[in-house]
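Here is a short briefing on a protein model. Look at the sequence and the structure first, then read the points below.

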Amino acid sequence: MSDIGLNLRGTSPYVTDPANTTYFIPSGDVYPVTRGGFTFGTTAQGSNAQDRDRNAGIDARLAGVSYNGSAAKTECELDLSAGNYDIQLACGDYSYTRATIVVEVLDNTISRFTINGATTGSNRWLDALGAQHDTTWVPSSAEAKLNQSISSGTLKFKIGDGVSTDTGYLAHIRATTSAGGGGTPSRARTIFVMP
Amino acid sequence: MDKHMIASGAIVNLEGLRRDMRANAFEYLARLNAGQSLTDIALLIFNNSTQYIRRVEQMYRAERVNEAKSSLLAEGLAVDSSVTPAMLDTFAAKLLAVAQTENRAIIKTAADISAVAAATLRALPFAP
């Protein structure tokens, strides 16, 4: 069974990562990096990818964030075994007052779903279903997950919309092996969240 | 593919793997000091070392998969550096051996974890 969470932030020692998670610094962790039992990394990034440490006093998975300060996307890859996975996200920023969230999840080249929206203020995060949470949130394996087929064995995710500056804002992504469900949707799903 | 890309890619990939192996060895000791469970750390060592083996086999040997590429690699290395294909082979073999040692380690105690980490750091010194 695979269970891996990537906590995006600015520096590695900022917080202690919980079990089954590790840190990921997209601007520096160029693919392939092996850490936390998995191989992952950034495959493409814009000229102004921003990784930040925000608050070490909250859940470690929400302590940092990665976004794009330029009109570009940061493209990342996580190697998995082919199969069905529950995908969970935490998109938002402890500090920024209105984070513009654009995070796309793909099965290699095939788009699975996109979170597209904004938080209503700082200290807010959107989960993989688009629901908003505050700093009391402790992302757990039981909630807010989208079951997806990753038949290629390559989970990709893109941070930012590639058009505007200051978009993206991914704090945490988790993939957990799922017994069933998933399947291949006829088209990619986009979850719009209106603040 | 351009010979310089093949040559520099092979060096970068192997050096990146060496850095990851060292960094993870330090992380095992940090997790041990932080009181994480032996089972979790042992599983992490096994999973990481499985990934190391996969990386050596896929990334490095793929560059040498046929004679044409091998020839380009040798030519690129000759132009760009004093590194020889034989040196790269030795480097890859060493990384693979260390990864296999980690992968096969029987871990039951904290001392076992310390020993695995120490052996990796000793085998892969900071400045090879």
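In this predicted model, strand S7 (residues 74–79) of chain A pairs with strand S14 (residues 154–159) of chain A in the antiparallel sense, over six bridges. Strands here are DSSP runs of E with at least two residues, helices are runs of H or I with at least four residues, and both are numbered from the N terminus. Two strands pair if DSSP finds at least two bridges between them.

**Strand S7 of chain A and its partners**

- On the S14(A) side, A:Leu78 stands opposite A:Leu155.
- Strand S4 (residues 38–44) of chain A also pairs with S7(A), in the antiparallel sense and over four bridges.
- Here A:Gly41 stands opposite A:Glu77 of S7(A).
- S7(A) is mostly covered, with five of its six residues buried. Buried means under 20% relative accessible area, exposed means over 50%, and partly exposed lies in between (1.4 Å probe, protein chains only).

**Where chain B meets chain A**

- Chain B brings 15 residues to the contact and chain A brings 12 residues. Contact means heavy atoms within 4.5 Å.
- About 1,000 Å² is buried between chain B and chain A, and carbon and sulfur atoms give 45% of that area. Buried area is the accessible area (1.4 Å probe) that two parts lose on being put together, summed over both.
- In chain B, the residues that lose the most area to chain A are B:Arg31, B:Gln51 and B:Arg55, together 32% of what that side buries.
- Eight residue pairs are in polar contact between chain B and chain A, both residues at pLDDT 80 or more. A polar contact is a pair of N or O atoms within 3.5 Å; within protein, one must be able to donate a hydrogen and the other to accept it, and residues adjacent in sequence count only if both atoms are side-chain atoms.
- Helix H1 (3–33) and helix H2 (38–63) of chain B each supply at least two residues of the side that touches chain A.
- H2(B) gives the most to that side, with nine residues.
- By class, the side of chain B that touches chain A has three nonpolar, six polar and six charged residues. Ala, Val, Leu, Ile, Met, Phe, Trp, Tyr, Cys and Pro count as nonpolar, Asp, Glu, Lys and Arg as charged, and the others, Gly among them, as polar.

**Salt bridges**

- Over all chains, the count comes to 11 salt bridges. A salt bridge is a side-chain nitrogen of Lys or Arg within 4 Å of a carboxyl oxygen of Asp or Glu.
- Between chain B and chain A the count is one salt bridge. The side chains of B:Arg54 and A:Asp79 meet in a salt bridge at 2.7 Å, N to O.
- Within chain B, the side chains of B:Arg55 and B:Asp20 meet at 2.7 Å, N to O. B:Arg55 is in helix H2 and B:Asp20 in helix H1 of chain B, so the pair links parts of the chain 35 residues apart. Both B:Arg55 and B:Asp20 are buried.- In chain A, A:Asp86 forms a salt bridge with A:Lys145, the closest N and O atoms being 3.8 Å apart. A:Asp86 lies in strand S8 (residues 83–93) and A:Lys145 in the loop between strand S12 (132–133) and strand S13 (146–150), so the pair ties together parts that are 59 residues apart in sequence.
- A:Asp86 counts as buried at 13% relative accessibility, whereas A:Lys145 is partly exposed at 35%.
- A:Arg112 forms a salt bridge with A:Asp107, the closest N and O atoms being 3.2 Å apart. A:Arg112 is buried at 1% relative accessibility, and A:Asp107 is buried at 2%.

**How to read the values**

- Residues are numbered from 1 along each chain as its sequence is written, and chains are lettered from A and ligands numbered from 1 in the order in which they are written.

Key: This is a predicted model: local features need pLDDT of at least 70, side-chain atom pairs count only at pLDDT 80 or more; totals for chains, interfaces and linings use all residues. Side-chain values use heavy atoms; hydrogens and water are left out.
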